[in-house]
Amino acid sequence: MNQLTKQKPARKAADRIQAAPGRKAPLTLKEHIVEIISDSGEGAQKCGQSLGAIAAQMGNGIWTTEIIPAEIRPPARSVAGASGNRIRIGSGYITNGGDETGLVVAFNEQVLLGRVRAKELKPGCIILLEDMWRTHADAKIVASYIETHGKLVAAGYKVYEIPMERECRTMVADPRRGKNMYALGMLCYIYSLELKLAVDQIVLAFGKKDQSVVDSNIMLLEAGHKWAAANLDFCYRIPATRSTEPQLVVNGNTALALGVLASGMEICAMYPITPATSASHYLSEVFEKVGGMVHQAEDEIAACAFAIGASYAGKCTITITSGPGYSLKQEAIGLAVMGEIPLVVVNVQRGGPSTGQPTKMEQGDLMTAIFGSHGDAPKVVMAPGTIEECFYSIITARKIAETFNMVVVVLTDAALATSQQPFARPQFSETWMAPPVDQSPVPEGAKPYDWDENTGLARRFIPGQPGGMHTLTGLAHDRDSHVAYDAEINEQTLRFRSLKLAALQKTLKPPKVFGEPKGDLLVVGWGSTKGAIEEAVEMLRAEGKKVSSLHLQFLQPMAPGIKEIMQGFKKVMTIESNWSDRPEDKIIDESNRRYSSMAILLRSRFLIDIDCFSEVKGQPIKPGTIRRVMLEKLKK
Amino acid sequence: MNMMSDMKSATSCLLEMCDEHFELEDYQSGVPRWCTGCGDNAILAAVQRLCRDEALRPEKTVFVSGIGCSSRFPHYMKTYGFHGIHGRALPVAEGVKMARPDLTVFVNTGDGDCTSIGAAHWIHAIRYNMNLTVFLHDNQIYGLTKKQASPTSPIGTKSNTTPRGSYLEALNPLTVTLGVQNVSFVAQAADWIPEVLFDIVKAAYHHKGLSFVRIIQRCPEWLPKALDPWMHDPNKVLLLNHANGLQASAGLSRVYKNQIEHDPLNIDRAREIASNTDIIPVGILYNNPKVPCYEDLRHLDKLRTPDLTRAGLNAELDKYTVWPQGAEQKVA
């Protein structure tokens with residue numbers, strides 16, 4: 001393996017260019033994780049996204065994750081201010097963000113410290129560090145830089161000081177614009193990526209602006225590439241196989257917005273909330289082109305009520321929110337349940353309770369999605385586990401909502417929202433769309449709620465249908481939609497609304513086990529943890545362990561066959577990113593331990609002693625962590 | 001060969017449409033369960049008369065309400081109705097109208113529903129200015145929950161939550177509404193002057209945009225005497241006349257002598273009139289037909305057809321597609 005030498009201070013960059021080592025034969029890697037971080041506004045996000053797109057075009061598997069500070073403009077050079085992107089590049093298909101980072105490009109040492117403290121970097125990780133701070137006018141900054149640099153070197157990180165600022169300044173007046181493309185050029189060299197693809201990315205990103213912006217960015221890109229080739233003593237190649245099918249590269253929020261486009265829904269009513277809003281941003285941009293519209297309501301409740309009104313009038317509508325907004329919508333969701341109005345609610349989960357961690361990943365809203373709103377308010381709850389499923393789940397949700405006249409809640413989370421993973425480009429089908437609004441006269445004698453005795457299903461009358469006039473009410477009501485205080489009727493209608501879930505459940509297929517159908521340990525998960533869980537299972541199976549996993553997309557109702565699957569394993573546990581009491585805590589025992597949400601649901605439904613592991617650090621659970629937890633569980 | 005019969009049927013259809021007329025019974029549903037003497041009954045009578053006179057097709061008409069005595073209104077109409085949750089009638093109605101501009105949408109909301117729990121929606125509904133006819137049934141008290149002070153209760157109102165009298169000056173729904181940008185129609189009626197109530201309901205229906213009608217109504221159960229000073233002294237009622245508004249009939253003028261000319265386009269004057277709470281102005285305070293409606297600003301000339309969707313979706317997918325080599329743009 002290459003001996004990675006520590007760079008001399010970069011003031012001697014010019015000397016080193018003369019003594020360039022030349023391009024070494026690239027070291028072949030199966031995969032690598034690379035981060036680009038800066039103060040926000042310095043373009044590390046864009047650099048990372050472009051790198052991901054280029055690698056995807058090369059045919060690599062990728063998973064990109066945004067690194068987002070909680071504030072819009074955190075102070076410059078602050079530990080909590082890291083903004084950027086993390087890209088896992090692999091030879092094969094990549095299903096999650098992976099473990100620790102192997103290479104970081106950092107625009108200052110403070111944002112880097114934040115990542116070090118979060119334990120995101122691998123021991124010995126390569127750090128490409130902007131060196132302008134070493135000669136900064138402010139002595140405090142110089143001291144901080146030198147101290148941090150020394151500590152990082154002492155800790156075993158392979159730190160390369162890079163004169164990015166200085167090199168860029170020789171070409172452009174303000175390196176804050178364009179330094180990210182210099183970094184991209186370096187990374188293209190390091191990972192042996194085609195520079196032409198990076199040029200394409202620049203044209204795509206800046207093509208609408210004037211040509212001089214494009215030209216200057218391309219110049220910086222090429223300069224970064226050249227500098228790296230001349231000065232770095234390492235480079236990698238991650239073999240890629242180009243897919244034979246067109247692949248779509250988008251994040252989860254874009255995928256779900258595209259799902260809205262494809263589903264035939266016409267209205268999205270929303271109120272801004274992190275991390276859901278980017279879906280509505282994108283939708284606002286494109287929805288009108290296909291005859292839809294985004295309504296930004298005055299608040300979350302109004303957004304939900306507006307959606308309910310539009311759905312009631314015949315066009316199933318979607319509202320997109322995150323935890324706090326979801327809480328506010330609960331009463332209105334109950335109204336849709338009671339009135340049997342189709343409605344799709346997306347909750348892009350974030351850390352809670354209260355304002356919690358707005359930009360961070362958590363799976364804390366499963367219980368509120370299933371049991372929320374007062375009284376018995378049965379609704380369908382789905383959770384996509386991949387970016388691709390974010391797209392298709394919206395189409396499915398719209399269909400279920402209209403077939404069963406139910407509320408369908410789609411739970412994604414901050415990790416899915418901001419991560420990118422290529423998937424097969426969808427082929428539009430007309431069957432994804434809703435049929436035109438029924439305006440035919442209702443049959444003589446038909447009632448607005450003619451519940452089927454077996455399934456609880458009833459057709460609904462839509463305003464405009466002659467003969468169907470009735471007043472929909474959130475009060476208990478009979479088949480005529482007349483207010484009913486009769487105890488019998490109340491119970492009957494509770495029964496009918498509940499039966500619809502069972503009717504849907506009968507149409508679901510048993511979920512597929514990942515791995516063998518029998519073994520020592522089964523891990524059950526839901527939502528964005530899918531890729532990490534399956535990777536951990538794969539690692540352990542390669543080590544000869546008899547482990548498998550089961551990922552549930554339908555959380556309410558749950559598909560049939562789950563109990564039979566669990567019975568094939570000696571032990572079952574869930575892996576979730578919502579709180580569960582730690583058994584090692586002194587006062588926690590079987591009589592008071594609060595389990596993770598899915599574990600509670602499975603335990604109560606199936607009467608199986610299911611354990612759980614939860615990690616709620618605001619970031620995706622890493623496959624390495626899951627592997628360790630599973631090994632411990634196997635030993636117990 | 002059957003062209004003639006087709007034409008006949010088309011003609012007869014058109015004739016039927018011209019001939020279409022409705023009776024009051026076509027809009028009546030059930031026996032209202034409001035108290036005897038409740039102002040809601042007067043509003044119901046005026047609105048049913050409007051529907052008949054305007055020959056509104058019952059299946060194309062929707063009454064949306066929130067929660068409270070007033071919000072039982074849709075149950076007594078033989079049209080489509082939506083009796084939702086407390087405070088949220090306006091956003092529900094906005095959703096209905098946005099999805100279906102072809103429907104005629106009315107909103108019935110009370111002083112608690114609109115000016116308290118739903119106050120945010122009220123302000124924004126004025127601003128959206130969608131083509132809705134909104135009736136604020138203002139009896140200055142919470143009725144259904146049995147006598148609690150509402151924002152419009154006069155200061156000193158004794159209620160179950162203010163047994164020593166309410167503490168705050170009443171909120172004035174007229175001045176609030178007239179203070180919101182994009183306001184396009186504000187009128188006030190009193191339930192005990194039914195002829196003007198009907199005229200106002202009619203003008204509100206014909207206004208394109210959000211017509212906000214505050215109807216001062218009696219609550220015989222909880223505040224039976226609260227409006228007596230105004231009812232017993234016609235001079236404490238101010239009728240607003242104008243060529244572009246309403247004109248008091250000769251009969252009415254014999255009783256209500258306190259009348260002024262008020263141009264409904266004069267918003268400053270409207271605010272002045274509305275600010276005087278010693279008298280009850282009745283008539284159209286403001287009517288500006290030129291304020292754009294949100295649904296017109298947002299409504300799309302494009303129909304959401306499968307072909308449009310396919311084209312739009314594929315255009316978006318193209319932006320994010322990584323093509324395998326040699327397979328460029330081979331998408332159906």
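Biologist: Over how many bridges do β3(A) and β4(A) pair?
Modeller: Strands are DSSP runs of E with at least two residues, helices are H or I runs with at least four, and both are numbered from the N terminus. Two strands pair if DSSP finds at least two bridges between them. β3(A) and β4(A), residues 83-90, pair in the antiparallel sense, and their bridges number seven.

Biologist: What is the mean pLDDT of chain A?
Modeller: This is a predicted model: local features need pLDDT of at least 70, side-chain atom pairs count only at pLDDT 80 or more, and totals for chains, interfaces and linings use all residues. Residues are numbered from 1 along each chain as its sequence is written, while chains are lettered from A and ligands numbered from 1 in the order in which they are written. pLDDT is the predictor's confidence in each residue, from 0 to 100. In chain A, 96% of residues reach 70 or more, and the mean is 93.

Biologist: Over which residues of chain A does pLDDT stay under 50?
Modeller: Two residues are in contact if their C-beta atoms, placed from the backbone, lie within 7 Å. The stretch in question has 27 contacts beyond four places in sequence. It covers residues 1-20.

Biologist: Which strands stand at the edges of the six-strand sheet of chain A?
Modeller: The sheet is open and mixed, in the order β3-β4-β2-β5-β6-β7. An edge strand has a single partner, so one side is left without a neighbour in the sheet. Those strands are β3 (61-67) and β7 (158-162).

Biologist: Which residue of β4(A) is the bridge partner of Gly61(A)?
Modeller: β3(A) and β4(A) pair antiparallel. Gly61(A) is bridged to another glycine, Gly90(A).

Biologist: Are α2(A) and α7(A) roughly parallel or oblique to each other?
Modeller: Axes are lines fitted to C-alpha atoms, for helices over the stretch in contact, and angles run from 0 to 180 degrees between N-to-C directions. Angles under 35 degrees count as roughly parallel, over 145 as roughly antiparallel, 65 to 115 as roughly perpendicular and the rest as oblique. α2(A), residues 44-58, and α7(A), residues 195-206, pack at about 130 degrees, with axes 9 Å apart. The pair is therefore oblique.

Biologist: How many nonpolar residues has the contact of α2(A) with α7(A)?
Modeller: Ala, Val, Leu, Ile, Met, Phe, Trp, Tyr, Cys and Pro count as nonpolar, Asp, Glu, Lys and Arg as charged, and the others, Gly among them, as polar. The residues in contact include Ala53(A) and Ile54(A) of α2(A) and Leu197(A) of α7(A). Three are polar, one is charged, and the nonpolar ones number six.

Biologist: Which element gives the largest share of the side of chain A that touches chain B?
Modeller: The contact takes 63 residues from chain A and 51 from chain B. On the chain A side, 34 are nonpolar, 18 polar and 11 charged. Elements giving two or more residues include α9 (252-263) and α12 (323-339). The largest share, nine residues, comes from α11(A).

Biologist: Which residue of β12(B) stands opposite Gln247(A)?
Modeller: An open antiparallel sheet of three strands runs β16(A)-β9(A)-β12(B). β9(A) and β12(B), residues 321-322, pair over two bridges. There, Gln247(A) faces Val322(B).

Biologist: At roughly what angle do α3(B) and α5(B) cross?
Modeller: α3(B) spans residues 89-99 and α5(B) residues 119-128. Leu90(B), Pro91(B) and Glu94(B) meet partners including Trp122(B). The axes come within 9 Å and cross at roughly 30 degrees.
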